[in-house]
Amino acid sequence: MQLTHIPLISAILGVAMTGSTMAATHTIDVGGTSSSPALTFVPSNVNIAVGDTVMFAFNGDHTASQGSSGDPCSPASPSEFDFSGNAGQNFNHTFNTAGSFNMYCKIPGHCDAGMKGVILVGQASSSSSSSSSSGTGPTMSPPPPYGSGASFLTPGAKPITLGCLLTGAAMFAIAG
Ligand SMILES: [Cu+2]
């Protein structure tokens, strides 16, 4: 009865595939890019999920170190990552804790020249947080001018039935 093993195997494969698709690896070039070395991290700001891995790809003699939250050009304590390398070396670090991590190069002068950045772990993207509408939507029923409310659509006309009023309001809403 080999068929009884198929559901278990597929379940295991499903878990494995789900796990592999959730954790991603993000490459940060350290010291500019390989084609144009510079005193930068490329990109300098990354937004990753908890459990993701950052691969620091070195393009020169630098360090990829965690900076303190108060002074991004000084070492954090404790520090999650502190890699020192040269061109061609790669170092991986998996971030299992949510938070904001400053990164910088420890070589004197490099951080002050701009060789620093931020790794955001487990933070929601801030690209869609600017919905600033505060109750200024379409007004369905404007207040009647005299409080009676029966004839604000056509002042001075004959009394309007409730059905006509609702129809007019609906047309007003569609037009508005
Ligand atoms: Cu450096």
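Of the contacts in the chain with a separation of 6 or more, 62% join residues 24 or more positions apart; two residues are in contact if their C-beta atoms, placed from the backbone, lie within 7 Å. The model is predicted: local features need pLDDT of at least 70, side-chain atom pairs count only at pLDDT 80 or more, and totals for chains, interfaces and linings use all residues. Residues are numbered from 1 along each chain as its sequence is written.

The chain holds two helices and nine strands, arranged from the N terminus as α-β-β-β-β-β-β-β-β-β-α. These elements are DSSP runs numbered from the N terminus, helices being H or I of at least four residues and strands E of at least two.

Four strands form an open sheet of mixed pairing in the order E2-E1-E4-E7, where two strands pair if DSSP finds at least two bridges between them. Strand E2 (37-42) and strand E7 (90-94) each have a single partner strand, so one side of each lacks a neighbour in the sheet. Within the sheet, strand E1 (residues 25-32) runs parallel to strand E4 (residues 53-58) over six bridges, and Asp29 has Ala57 of E4 as its bridge partner.

Buried residues, those with 20 or more other C-beta atoms within 10 Å of their own, the C-beta atoms being placed from the backbone, make up 18% of the 176 residues. In the largest nonpolar core, which has 17 residues, Val30, Phe56, Met103 and Ile119 touch the most other members. Such a core is a set of buried Ala, Val, Leu, Ile, Met, Phe, Trp, Tyr and Cys residues joined through C-beta atoms within 7 Å. E4 supplies its largest share, four residues.

Terms used:
Buried ≥ 20, exposed ≤ 12 C-beta atoms within 10 Å, placed from the backbone.
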